[in-house]
Amino acid sequence: MRISRRTFAAAAVAVVLVPLSACGSGGDDGGSADASGKVEGNITFQTWNLRANFKDYFEGLVADFEKKYPGTEVKWIDQPAEGYADKISADAAGGTLPDVVNVSPDLVAPLAKAGLALDLDKAAPQYRKEYVEGAWASHEISGMTGTYAFPWYLNTGPLFYNKSLFKKAGLDPDQPPKTYDEVFSAALQIAQKTDGEVATLANVPTIEDFGRYGVPLMNKEGTGFTFNGAKGVELLTKYKELYDAKALDPQALTATPESSGKKFLTEAVAMNPGSALDLGNFKKQAPNLYKNIGITDQITSTGHVNMYVMGVMVNAQTEQKPAAVAFAHYVTDAAHQMSFAKQVAIFPSTAGSLDDPYFTKEDGTDETRVRVAAAKSLKNAVNYTPVLFSEQMKVELRNAVARALQGKESPKEALDNAVKACDRLLQQQG
């Protein structure tokens, strides 16, 4: 049960696959971490697939910064979604990484290990208090000290459910599941009442689902994964029960967030995660679903929902460190994050911004209801996906889950094998 990163302005994230250890010594910030001094000089700023929809916004941002700091010049470049991670990897290896870079936490990790991401806890500690604690912590890296990017925009979302399908299965459409046990119980009832025609969920569990379930994902040293413990096995065993009962969509093994969304749109599944952006699609493409849409909180056993976070990293090797840090902070300060959040359905990571009436006052529309609920949950949300959990590791976990659901391995065997494979990949990263 997860919200896709398709709800971000940027596209889904891929990990930097090319080893970066030759680019610098791990943990070294590539020189002095001191970012004090006069803000001047020319810097480059790279975003991730944002020019098409937000050209005017970023051009205005750059112009305002240059006006505030005479003697600075910011060259804005935007890279397409496809191949973004490869582009960063190539630039890092070739010494052409921009001064300020739009990243996600998993892209920061190899750059930080290579000494290419500036440690903001050393270079700009005065800014930490300006951001939501969980957002700032999202760019910390297990096994290293420091924070390696300013948090930028956040996202999370509710769980949507189909009231009509709940009612047909004898469930109270106004009392949606609040816990994992209630979700699993409702799913089994819906499958039984519809003879397996209607599934409740359309996605297999991912690493963030294990995190929300309360599974310890990684040791504190950042040297090994731990999601194969008793709690992890328990969750996968529950999903196996759903799969066997057809309460989990049979195509879940190969589903994407987009395909799962279509299943919900066509009323083939009863529940699906989403965001405020989805409500407009429901209204336009599936008016019958929109009429029967239920909105409930993201399911979590920890008291913390999952957040997706984008960041802005400063290249530790930049020759214009004061200007690069100043600009990265400028892009992500409260005023500019608030401005950006009103242009697209994302949320600011700055402390206090989520208390703005825009995120707290309802006006009777479902869109506002979702925005207000999401903003409230983000105040203590966490990014469950470990920053060291690469795309290859996600594939290993997905394959292991598939083997368990199909009965080829027990849940315990499957997760043990996934942890072994992920630990091996982790050693290769180092």
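Modeller: The side chains of T296 and K178 make a polar contact at 3.4 Å. This is a predicted model, where local features need pLDDT of at least 70 and side-chain atom pairs count only at pLDDT 80 or more, while totals for chains, interfaces and linings use all residues. Residues are numbered from 1 along each chain as its sequence is written, and side-chain values use heavy atoms, with hydrogens and water left out.

Biologist: What makes the pair T296 and K178 a polar contact?

Modeller: A polar contact is a pair of N or O atoms within 3.5 Å; within protein, one must be able to donate a hydrogen and the other to accept it, and residues adjacent in sequence count only if both atoms are side-chain atoms. The T296 to K178 distance is 3.4 Å, so the pair is within the limit of 3.5 Å.

Biologist: Why is T296 called buried?

Modeller: Buried means under 20% relative accessible area, exposed over 50%, and partly exposed in between (1.4 Å probe, protein chains only). T296 has 3%, so it is buried. T296 belongs to strand β7, residues 293-296; strands (E, at least two residues) and helices (H or I, at least four) are DSSP runs, numbered from the N terminus.

Biologist: Which residues is T296 in contact with, leaving aside neighbours within four places in sequence?

Modeller: They are P158, L159, Y161, P176, P177 and K178. Contact means heavy atoms within 4.5 Å.

Biologist: How do you know that Q337 is buried?

Modeller: The relative accessibility of Q337 is 2%, so it falls under the 20% limit and counts as buried. Q337 lies in helix α14, residues 334-341. Beyond four places in sequence, its contacts include Y131, W152, F347 and T350.

Biologist: What does the side chain of Q337 reach at 2.8 Å?

Modeller: It reaches the backbone nitrogen of S349. A polar atom of the Q337 side chain also lies 2.8 Å from the backbone oxygen of T332.

Biologist: Is S138 buried or exposed?

Modeller: S138 has 5% relative accessibility, so it counts as buried. S138 sits in the loop between α5 (133-137) and β4 (150-155). Apart from neighbours within four places, S138 touches P105, V309, N383 and V387.

Biologist: Why does D195 count as exposed, and what does E267 count as?

Modeller: D195 has 68%, which is over 50%, so it is exposed. E267 has 22%, so it counts as partly exposed. D195 lies in the loop between α7 (180-193) and α8 (207-212), and E267 in the loop between α10 (257-265) and β6 (271-273). D195 is not a glycine but has a positive phi of about 55°; E267, also not a glycine, has one of about 65°.

Biologist: How many helices and strands does the protein chain have, and why is the chain called as compact as a globular protein of its length?

Modeller: The protein chain has 18 helices and nine strands. Its radius of gyration is 22 Å, close to the 22 Å from the globule rule for 430 residues, so it is as compact as a globular protein of that length. That radius is taken over C-alpha atoms, and the rule is 2.2 Å times the number of residues to the power 0.38. Of the 430 residues, 56% count as buried.
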